[in-house]
Amino acid sequence: MKCKELQHYLESWAPPEIQWSKDNTGLQVGNPEAETGDILICLEVTPEVMKEAISSNRKTIIAHHPFIFSPIKKINLANDTHSQLIAQLIQHKITLYSNHTNLDFTSHGVSEVLAKTLGLHSVTPLEPLTLTRKLISVFVPADATDAVADAMFRAGGGIIGEYTHCSYRTEGTGTFFGKEESNPAIGERGKLERVPEVKIEMVCDSWKLKQVVAAMVAAHPYEEPAYFVSPTENHNHQYGMGAIGVLPEAMSADAFLKHCAGQLHCEGMRYSGLKQSVQKVAVCGGSGSDLIHAAIRKGADAFITADIKYHSFFEAGDSLLLIDAGHFETEAVILKEMQVRIQTFLKENGCTDSVALYEQTTSPIKFFYHS
């Protein structure tokens with residue numbers, strides 16, 4: 001399998017178009033035309049990860065954190081670790097790909113997996129994304145309705161949450177008058193025609209718009225299909241920041257803290273706003289302080305994220321149990337999910353390349369306990 005095929009699969013799960021505007025997901029180093037070979041999955045590329053990839057002859061590395069985030073101004077092979085790792089990637093023909101905030105924001109991504117790791121059910125995005133969808137409306141002769149709609153569905157239109165083939169259809173009458181240069185599929189040029197038509201309406205993700213419109217035009221019997229595209233501001237529950245769900249049973253705050261530490265393998269956690277009981281829980285893998293007020297607004301009893309600043313604990317007050325469980329600890333949960341999905345994809349496509357996790361990755365942060 002070529003790297004570009006694997007990249008296409010990963011981006012069908014976590015579209016790059018939903019990433020944070022300042023992020024840099026996607027191909028970092030390498031050739032998309034190269035064969036994937038055996039694959040190594042890690043949270044971030046370090047000299048230790050590179051050593052493992054080279055020694056085990058891994059030809060593809062998939063890292064959650066982008067290896068190249070800011071523009072590179074120079075490559076100094078003498079004493080710059082970043083430059084040396086780039087050289088090793090090229091020298092050993094290893095392709096490096098990153099799924100970062102797009103994987104944070106997608107369904108079954110970082111935050112949703114974090115929520116399920118903590119045992120939450122009825123999980124939905126904490127802050128669903130908006131402005132990610134378009135509404136396509138097209139007028140079709142009645143006997144071509146299903147053919148045109150099916151072409152649009154195959155191109156990625158009409159998906160709402162866990163439902164596919166979603167559309168709304170309105171019957172009416174279409175009128176047109178073909179000039180001498182026209183070549184009407186129905187009726188005659190130079191004559192006002194009235195045709196039974198159906199208006200098909202369906203939503204599609206904004207990054208699929210061109211392909212859905214192209215499929216519609218190709219399947220449409222008219223020489224000049226009549227259609228229009230409208231922006232929408234609907235919440236898209238397929239993509240969002242953070243996640244919120246419910247524990248099967250309420251826990252005391254102390255029991256919930258112990259539960260979080262155990263499930264996430266935390267050496268230590270920071271917290272504030274101790275609540276008497278916890279059942280509705282919001283989470284955000286990685287740096288999620290910006291979602292504290294969204295968690296409060298949604299009625300969460302607790303919010304688990306990382307990299308919380310001192311003043312953010314004050315902002316939360318006693319509104320909820322605010323927990324900083326660590327950047328590594330709240331994101332590492334996604335690695336196993338990535339491994340399983342990629343293994344399944346390779347197997348379904350007859351590829352026998354292996355997919356391994358870099359098991360030695362741990363947080364660089366250590367805790368000192370003073371008795």
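Lys199 is partly exposed, with a relative accessible area of 24%; the label covers values between buried (under 20%) and exposed (over 50%), taken with a 1.4 Å probe and protein chains only. Its side chain meets that of Glu201 in a salt bridge at 3.7 Å, N to O, where a salt bridge is a side-chain nitrogen of Lys or Arg within 4 Å of a carboxyl oxygen of Asp or Glu. This is a predicted model, in which local features need pLDDT of at least 70 and side-chain atom pairs count only at pLDDT 80 or more, while totals for chains, interfaces and linings use all residues. Residues are numbered from 1 along each chain as its sequence is written, and side-chain values use heavy atoms, with hydrogens and water left out.

**Salt bridges**

- A search of the whole structure finds eleven salt bridges.
- In helix H5 (residues 110-117), Lys116 and Glu112 lie four residues apart, about one turn of the helix; helices are DSSP runs of H or I with at least four residues, strands are runs of E with at least two, and both are numbered from the N terminus.
- The side chains of Lys116 and Glu112 meet at 3.1 Å, N to O; Lys116 is partly exposed at 46%, whereas Glu112 is buried at 16%.
- Helix H8 (residues 253-264) holds Asp254 and Lys258, again four residues apart, and their side chains form a salt bridge at 3.4 Å, N to O.
- Asp254 is partly exposed at 46%, and Lys258 is exposed at 58%.
- Shared partners join Lys2, Lys4 and Glu33 into one salt-bridge network.

**Around Ala215**

- Ala215 sits in helix H7 (residues 209-219) and counts as buried because its relative accessible area is 18%, under the 20% limit.
- Leaving aside residues up to four places away in sequence, Ala215 touches Ala151 and Ala155, a contact being heavy atoms within 4.5 Å.
- Ala149 is 66 residues from Ala215 in sequence and 9.3 Å away in space, C-alpha to C-alpha.

**The largest cavity**

- About 70 Å³ of space lies in the largest cavity; a cavity is a set of points on a 1 Å grid over the protein atoms alone where a 1.4 Å probe fits but cannot get out, and lining residues have an atom within 4 Å of a point.
- The volume is the space filled by probe spheres set on the points, which are joined across faces, edges and corners.
- Residues lining the largest cavity include Cys3, Leu27, Thr60 and Tyr97.
- Helix H1 gives the most to this lining, with four residues.

Methods. 1 Å grid on protein atoms, 1.4 Å probe; cavity = no way out; pocket = protein on both sides within 12 Å on 5 of 7 lines; lining within 4 Å.
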